[in-house]
Amino acid sequence: MSEYLIIGNGTAAAGCIEGIRSRDSESSITVVSAEEHHVYSRPLISYYLEGKTDLDRMLYRPRDFYEKNGVRLIFGKAVKCDAKKRTVTLADKQKLSFDKLCLCTGSSPFVPPFEGLETVEKRFAFMTLDDSLALEKALTPESRVLIVGAGLIGLKCAEGIAERAGSITVCDLADRVLSSILDSECAAVMQAHLEKHGISFMLGDTAVRFDGSRAYMKSGAEVDFDILVLAVGVRAETALASQAGCEVNRGIIIDNKMQTTVPGIFAAGDCSEGFDSSTGSRRVLAILPNAYMQGRAAGINMAGGSSALDDLMPMNSIGFFGLHCATAGAYPQDAEVFEDRSAGIRRLYVRDGRLCGFIVIGDVSRAGIYTSLVREKTPLDEADMDKLKKFPSLAVFLPETRRKKLGGVV
Amino acid sequence: MKRVYVNEEWCLGCRLCEYNCAFANSGLDDMVKALKGKPIFPRVHIEEDCGITYAVSCRHCTDPLCVKSCIAGAISIEEGVVKIDKNKCVGCLTCVLVCPYGAVAPGPSGAAQKCELCLQNSCGAPACVTGCPNNAIVYEER
Ligand SMILES: Cc1cc2nc3c(=O)[nH]c(=O)nc-3n(C[C@H](O)[C@H](O)[C@H](O)COP(=O)(O)OP(=O)(O)OC[C@H]3O[C@@H](n4cnc5c(N)ncnc54)[C@H](O)[C@@H]3O)c2cc1C
Ligand code: SF4
Ligand code: SF4
């Protein structure tokens, strides 16, 4: 019998619980959650404001999840970790012991030191369900909303509240929207679409100082607002790991088995830094699918199994007001680019005879075939690429490979 | 578990499976009313390459990427059958981005849909298989 302890109660934690229970149905599992909620789908906080889901439907796992998995859920914040004594202490002084520990602490909003920020009465982050509920309370049909940050989180927030606010302005120091996943041309297409739906942008510009309900911008412009949303960026939550003596870079360093540099301590999800298989370099891969997969692999390994993940990479399916965008992998400078513009944008990046990344805007159907070609580093020739740039299809596989895929258990 | 498998060499490319699928999942009992003059949303697709055709639908993978990737926790496995809870789905299309077979697509409401082996509709067994004139799609244990 082991004692398993999981810090955090998001997607990675759910994966970890399911990973442990796939091998060990006996031992005790304790989960410590700083958010006082049943595990919910974090990306759905904007869909909640949009009215596309509700508090019940956005639960990531059913109500009886903890009970069915024999999990003790404790609401509280873990503040200390002693790797030698194998204990974690909570803010209320409660001490928990463990044999195997998994840190699933996610990330938290990064707030730059804006001058005068404390003078802003209605300011919000957009990371948690409570953030979303608080924002909902403050919103009126007349609210002028200023969102700082034109990344995924800021724009999802804008879409979520579009029908419920008077006006929405998004500013970002970057010269384009979604700068971490899109090039300028693709970003411009998404921006134009968002503008059509009433979102205004101030790009290459950001707030430097606040005074009550006025923002003073870098460009000298002034913006009056009622509600401020800060979505500048996120940072991996690594404090506990550092304290336990784990090596930490941008995230908690893990190997392909989610093991940190301290034996018996694992980490998974947004708080961790593993490998990006599309570039071969270390990276925090802060997306939900990876959080689940890493969590589950950690759980399996904690319970004495063996699960190694060597094919994780960045990938995003993101849509605004009906326009979808699918991206995955890397877009290296020296890649050959295959492009098709007959409907939207379809851009495939090829290096060393392999698809290493792609961007599709518009018709994203069957994009998973591209993703799998990137993930599996499938060798492709010129003729394959000409087929693929028009539309993803299993026709690029040799008939015998295809027969295995469609004629066998996969 | 019984799954849908494809015999590529038998496929005529007639696309009857697509129509039978769309009809089976329409909830209507008249095929003409269900399909005529309307955009259809079949969960099985005929692919064509240099004269070869074959049907593609959900493989009901043993370790499905769609289940692990759904941002809403809307996809689950019940006795081997991979199912989408369309009530929970928010239409983000992450499942479309990860399915290696291109087997998921948005349905008429924007929610993702895919083959669920006709176990929930009135057919009880895959309509594409029942209706295939040449046994190019089969439903069996392998
Ligand atoms: C608005 C928004 C939209 C998003 N959209 C998408 C999307 O479309 N697709 C996608 O793939 N990803 C999306 N993401 C990212 C996705 O939500 C994350 O990658 C995922 O939730 C990470 O899961 P996690 O379990 O690692 O961390 P989290 O879900 O962040 O969970 C970590 C939990 O740990 C708790 N915690 C931290 N420290 C402690 C402590 N010391 N003691 C106790 N508890 C602690 C935190 O309170 C938190 O509840 C989005 C994120 C946001 C905010
Ligand atoms: S939708 Fe795709 S990934 Fe999911 S079970 Fe079906 S074939 Fe597998
Ligand atoms: S489209 Fe629906 S089923 Fe697919 S990943 Fe998004 S929420 Fe899940």
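Tutor: Start with A:Gln294, which sits in helix H8 (residues 288-302) of chain A. A helix here is a DSSP run of H or I with at least four residues, a strand is a run of E with at least two, and both are numbered from the N terminus. This is a predicted model: local features need pLDDT of at least 70, side-chain atom pairs count only at pLDDT 80 or more, and totals for chains, interfaces and linings use all residues. Residues are numbered from 1 along each chain as written, chains are lettered from A and ligands numbered from 1 in the order written, and side-chain values use heavy atoms, without hydrogens and water.

Student: Why is A:Gln294 called buried?

Tutor: Buried means under 20% relative accessible area, exposed means over 50%, and partly exposed lies in between (1.4 Å probe, protein chains only). A:Gln294 has 4% relative accessibility, so it counts as buried.

Student: Which residues does A:Gln294 touch?

Tutor: Contact means heavy atoms within 4.5 Å. Leaving out residues up to four places away in sequence, A:Gln294 touches A:Ile254, A:Met258, A:Ala268, A:Gly269, A:Ser272, A:Leu309 and A:Leu312.

Student: Now B:Thr94: buried or exposed?

Tutor: Its relative accessible area is 7%, so B:Thr94 is buried. B:Thr94 lies in helix H4 (residues 94-98) of chain B.

Student: What does B:Thr94 touch?

Tutor: Not counting residues up to four places away in sequence, B:Thr94 touches A:Pro289, A:Ser317, B:Ser69 and B:Ile71.

Student: How many residues does each chain bring to the contact?

Tutor: Chain B brings 38 residues and chain A brings 44 residues.

Student: What is the area buried between chain B and chain A?

Tutor: Buried area is the accessible area (1.4 Å probe) that two parts lose on being put together, summed over both. Here it is about 3,500 Å², and carbon and sulfur atoms give 56% of that. In chain B, B:Lys68, B:Ile71 and B:Leu97 lose the most area to chain A, together 19% of what that side buries.

Student: What makes chain B agree with a compact globule?

Tutor: The radius of gyration is taken over C-alpha atoms, and the globule rule is 2.2 Å times the number of residues to the power 0.38. With 142 residues, the rule gives a value near 14 Å; chain B has 15 Å, so the two agree.

Student: How many helices and strands does chain B have?

Tutor: Chain B has five helices and eight strands. Buried residues make up 57% of its 142 residues.
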